[in-house]
Amino acid sequence: MDSTELYRKVLLSISGNKLVEKLSLQYGKKLAGKFIAGDTLAEALAEIEILNSKGIMVTLDHLGEGIKQLSEATGYKEEYIRLVNGIAEGNVNSNVSLKPTQMGLALNKEACYDNIRAVVSQARKHNNFVRIDMEDTPFTQATIDIVLRLHAEGLTNVGTVIQAYLFRTEEDVKQLIEAKVNLRLVKGAYKEPGTVAYQQMSEVIDNYKKIIKMHLDGGVYTAIASHDDRIIHWVKEYAAKNGISKDAFEFQMLYGLRMNDQEQLAKEGFRIRCYMPYGTMWYPYYTRRLAEKPANLWMVVKNMFK
Ligand code: FAD
């Protein structure tokens, strides 16, 4: 295991520690602000307008995951319906991303399905798209099932995310491409054991390129969500060499990371979408960002002294 992998594992482990959580909640809000557009939908919509004016599209995420009661899921569903309506009323270029556990997946699969269905139906009225983020492996199959079920019902304005670090990914991609599901491809952000996931970054990158290639070659619109220059350059080169149009895919990056590069990609004529979280439930999102990259932690430390 190299030092980056070790760092990621340690941080993901301590983020579950109650004392660390308490300290972070007490002191981390200002620091987390770099990665979060605001507490309210109005703040997020104002920020979307700024990014849109730079040629950057957005996917808006109302923070929340791992809920304890179904009533919380109902609240999130309602917030997402407000959000989808707000995007339409504000006439901004943004779709939405939501987490299945936020909609109740860990508590009651059918209720979760109904909640997601309500959001997707509302989005369809506005001609908009809903991305179901992918969480850790207890939820992988259930998430894919929800998306396929919605497509089978004719609600095709919904897609999900595929994580390159999982062994099962290639088979999932084949099935989802066949069903014409719009996918976001990522490396994977959770701590997964060696029984289900590659542990070496080089293996994850090889698998990542493999699934990106499957999409580009198959002419299936895809989102490549990564800050990794090795991946971004590889995609640009592969597309140019194989005559794949810039409209056939989009890059995605997280709010607060590489913002100048996001703008640059837009200037170069690439489609680029920024994943923008807002809301008050920022702790689990924030610790995953810190776990991904020591530089994110240094950025936080530097900001502590500003
Ligand atoms: P890393 O592996 O973190 O970094 C690799 C290299 O990239 C670095 O060595 C450096 O060269 C370069 N780099 C990275 N960050 C920077 C920076 N800030 N400045 C300069 N260079 C940098 N994961 C999930 O499991 N489920 C999801 O639903 C999900 N959705 C996502 C949505 C979006 C839009 C994005 C961008 C990521 C999402 N992820 C999701 C997270 C993803 O799985 C990875 O954990 C995360 O993107 C880190 O991997 P990376 O490829 O970006 O680069």
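Colleague: Which residues of H7 are buried?
Modeller: Thr-140, Thr-143, Ile-144, Ile-146, Val-147 and Leu-150 are the buried residues of H7. They lie on the same side of H7, because they cover an arc of only 155° around the axis, the arc being that of the directions from the helix axis to the C-beta atoms. Buried means that 20 or more other C-beta atoms lie within 10 Å of the residue's own, exposed that 12 or fewer do, and partly exposed is in between, with C-beta atoms placed from the backbone. This is a predicted model, in which local features need pLDDT of at least 70, side-chain atom pairs count only at pLDDT 80 or more, and totals for chains, interfaces and linings use all residues. Residues are numbered from 1 along each chain as its sequence is written.

Colleague: Which residues are exposed on the other side of H7?
Modeller: Gln-141, Asp-145 and Ala-152 are exposed there.

Colleague: What do the buried residues of H7 pack against?
Modeller: They pack against helix H6 (109-125), strand E3 (130-132), strand E4 (158-163) and helix H8 (169-178). Contact requires C-beta atoms, placed from the backbone, within 7 Å. Helices (H or I, at least four residues) and strands (E, at least two) are DSSP runs, numbered from the N terminus.

Colleague: And just after H7, which residue takes a positive phi?
Modeller: Gly-154 does, at about 95°.

Colleague: Turning to the ligand, which residues come nearest?
Modeller: Of the 23 residues around the ligand, those are Asp-133, Val-186, Ala-189, Ser-226 and His-227. A residue counts as near if its C-beta atom, placed from the backbone, lies within 6 Å of the molecule.

Colleague: Which strand gives the most to that shell?
Modeller: E7 does, with 3 residues.

Terms used: Contact = placed C-beta atoms within 7 Å.
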